[in-house]
Amino acid sequence: MERAHGSPVSEMFDVIVVGAGLSGIGAAHHLKRLCPDHRFTVLEARDAAGGTWDLFRYPGVRSDSDMFTLGYGFRPWSGDKAIAEGDTIRDYIRDTAREGGIDPHIRYRHRLVHAAWSSADARWTLTVATDGAERTLACRFLFLCTGYYDHAAGYRPDFAGEADFAGRIVHPQFWPDDLDYRDKRVAVIGSGATAVTLVPAMAGKAAQVTMVQRSPSYVLSTPASDPLLQVMRRILPWRMAFGIARWLRIGISQYFYVRSRRRPQAVRRWLLKQTRKALPPGYPVERHFTPSYDPWDQRLCIVPDGDLFAAIRSGRAAVVTGHIDRFTPDGIRMQDGTEVPADLIVTATGLELQLFGKATLGIDGVATDPTKAMHYKGMMFSDIPNLAYVFGYTNASWTLRADLTADYVCRLLNHMRAHGHVQATPRVADPDLTEEPLLDFTSGYVQRGKDRLPRQGSKAPWRVRQSYLRDRIAMRFGVLTEQIEFR
């Protein structure tokens, strides 16, 4: 048994992956394939793999990106739907772990509490909470795949009059198993991806569903299934058909994002035109579906086959836009006096940003705050050795960057072993580099949590580019050792 700083270390690994969600299972697969001589384990705080897709169980939960890019590049998505349900995605992640031989490496109910780096030992010593006790593990490299939000708490503002409301109030992040909303009047507070998913999903059983939003979001209808892929599957091998579909999706989404940045008014007009076509004639699109911001200042809401618009057309769903005054015994009163009757209120009000699942860091006995660091290539941190963190794209599928990050980490690990290095630390070497916020989104959860994120720099490799194509070239073929100090 090894010891570090006087604490017993039960096991030593080359790499410890934290998180068994979409990113963590992908990271483990890359390690197993590209670094077969590196011993690793995966720590998962919950009882099961799947991450986000195991946690969220609200009605209709689904991907907000197409599955040809949200799926792993090394294991093509084989489902028929481009926008898939949450349980299907959860099964896909678990099947990937099982088929790839990752399952034996996962340790459930192991929550990282603290990670301490020792320069003298060139390793991380991890304090891990498991089954009411603590144990200590150690590793040469720490790979954090914990996502960016708090699994234990969603964003939940206080509303005046909550105690007066006679019904039930729930947050989608913690959907009760016993919740029966059949034939009830439901008010869903919010206008983001969760709200536009919940409304049509609940409208099939509820008496009436009303989306109560302070301000609108851009909502775009896309086909739930890819018709071109269905044709290609009949004439091409599956992997070839998937590859074509994947690259088409990447190209289209990148083009749309760039055009939104360069010609925001033109894209805005096109989006609103599509919305008007999807809603009944005379519907007040200007009030309920015309945001005050430009496209891609916040993430676009995707609705497969226009299900939200179909629910509105049928009369089973409605939208109320404005500020909430208070909850009443029978529902919600808006500041303009509008009454929204409800037996159930769902607060789809967002997430709480959080790094590393609340775990803390220390370097050589000194507490380290990663939010004060500069983000290196969107995955490492200035002055923090042997640590990588997966942070996906805001304008594309999370997995695209997760795969690139895992591939880069494996290249870095192999380089270190080949050259006898035990430590790799990104160092800012450019005196003209200036700090900028990591994300330029205006979304509420980003603005609320921007102080909980690291900074990015004004130049590469410290600038986080929201471009998969450029990142793919830079991270796979660029200089691996750029502004990294080895020893």
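Predicted model: local features only at pLDDT ≥ 70, side-chain atom pairs only at ≥ 80, totals over all residues.
Residues are numbered from 1 along each chain as its sequence is written, and side-chain values use heavy atoms, with hydrogens and water left out.

Around that pairing, strand β16, residues 331-334, is joined to β17 by three bridges, and the two run antiparallel; strands here are DSSP runs of E with at least two residues, helices are runs of H or I with at least four, and both are numbered from the N terminus. Two strands are said to pair if DSSP finds at least two bridges between them. The open sheet has three strands in the order β15-β16-β17, with antiparallel pairing, and its edge strands, β15 (324-328) and β17 (339-341), each pair on one side only. On average, neighbouring strands of this sheet are turned by 20° against each other, direction ignored.

What do we find in the largest nonpolar core? This core has 146 residues, and Trp-124, Leu-126, Leu-142, Phe-143 and Phe-289 touch the most other members; a core here is a set of buried Ala, Val, Leu, Ile, Met, Phe, Trp, Tyr and Cys residues joined through side-chain atoms within 4.5 Å. Helix α11, residues 398-419, gives the largest share of the core, with 11 residues. A second, separate core has 13 residues, including Phe-159, Phe-165, Val-212 and Ile-332.

Leu-126 lies in strand β7, residues 123-130, and it counts as buried because its relative accessibility is 0%, where buried means under 20% relative accessible area, exposed over 50% and partly exposed in between, with a 1.4 Å probe and protein chains only. Leaving out residues up to four places away in sequence, Leu-126 touches, among others, Ile-16, Leu-43, Leu-112 and Leu-142, contact meaning heavy atoms within 4.5 Å.

Next, two helices. The axes of α7 (residues 238-262) and α13 (residues 468-477) come within 10 Å and cross at roughly 115°; axes are lines fitted to C-alpha atoms, for helices over the stretch in contact, and angles run from 0 to 180 degrees between N-to-C directions. The contact is made by Trp-247, Ile-250 and Gln-254 of α7 together with Tyr-468, Leu-469 and Arg-472 of α13.

Finally, the aromatic residues. A search of the whole structure finds 26 aromatic pairs, rings of Phe, Tyr and Trp (its six-membered ring) being paired if their centres lie within 6.5 Å, with planes under 30 degrees apart counted as stacked, over 60 as edge-to-face and the rest as tilted. Phe-356 and Tyr-389 form an edge-to-face pair, 5.1 Å centre to centre with 80° between the planes. Why does this pair tie together parts that are 33 residues apart in sequence? Phe-356 lies in the loop between β18 (344-347) and β19 (360-363), whereas Tyr-389 lies in strand β23, residues 387-389. Phe-356 is buried, with a relative accessible area of 3%, and Tyr-389 is buried as well, at 1%. Phe-381, in strand β22 (residues 380-381), touches both Phe-356 and Tyr-389, and ring pairs link these residues into a cluster that also includes Phe-56, Tyr-58 and Trp-398.
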